[in-house]
Amino acid sequence: RWNEMRIGSSIDIHRLVENRKLIIGGVEIPSNKGSLAHSDGDVLIHAIVDALIGALGLGDIGEHFSDKDPKYQNISSIYFLKVVKEMLKEEGYEIVNIDSLVKLESPKLKDYKRKMEETIALNLEIDPSLVNVKAGTNEGLDAVGRNEAIEASAVVLIRKVK
């Protein structure tokens, strides 16, 4: 009974560069900069996937989706969500809730948070009320505050399916 509920957490950060799409939570956000990454650079989904893998005790995102593997070049991070959804099923767990935070100086994300929650929930096959996306800035401090980077963190709670 001691392992019926498990928690996972993660933080991800990506450099922002010109001539890349900005995709957060599976939603394309109009911006003159996007995340530099091997995949589509979706920092929010990366943090959620890593937190879920951690909650399962199965290592980390890099062990399952290496940025050295050419098959993940420019892939949608939605793929990672779908694989982790299957990992949860195989291990006999379900998501209780996901709480996340995206740190980005600009553009502002308030008009996109609900769509991110819905997209994440749809691809994990859970109710959108179980996914929370918060957004904030770093008040001009550090790489995020200078609009040189985007950062996301996630905390997840999972439980053994009865």
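The model is predicted, so local features need pLDDT of at least 70 and side-chain atom pairs count only at pLDDT 80 or more, while totals for chains, interfaces and linings use all residues. Residues are numbered from 1 along each chain as its sequence is written, and side-chain values use heavy atoms, with hydrogens and water left out.

Let's start with the pocket. On a 1 Å grid over the protein atoms alone, a pocket is an open set of points where a 1.4 Å probe fits, with protein on both sides within 12 Å along at least five of seven lines; lining residues have an atom within 4 Å of a point. The largest pocket holds about 210 Å³ of space. Among its 13 lining residues, Ser39, His46, Ile61, Phe65 and Asp67 are the closest to the centre. The lining comprises five nonpolar, six polar and two charged residues.

Now for the rings. Rings of Phe, Tyr and Trp (its six-membered ring) pair if their centres lie within 6.5 Å; planes under 30 degrees apart are stacked, over 60 edge-to-face and the rest tilted. There are six aromatic pairs in the structure, and two of them are tabulated here.

| Pair | Centre to centre | Angle between planes | Type |
|---|---|---|---|
| Tyr72 and Tyr79 | 6.3 Å | 35° | tilted |
| Tyr72 and Phe80 | 5.7 Å | 75° | edge-to-face |

Ring pairs also join Phe65, Tyr72, Tyr79 and Phe80 into a cluster.

Buried means under 20% relative accessible area, exposed over 50% and partly exposed in between (1.4 Å probe, protein chains only). Tyr72 is buried at 7% and Phe80 is buried at 3%, whereas Tyr79 is partly exposed at 37%.

Technical notes:
Points joined across faces, edges and corners; volume = space filled by probe spheres on them. Nonpolar A, V, L, I, M, F, W, Y, C, P; charged D, E, K, R; others polar.
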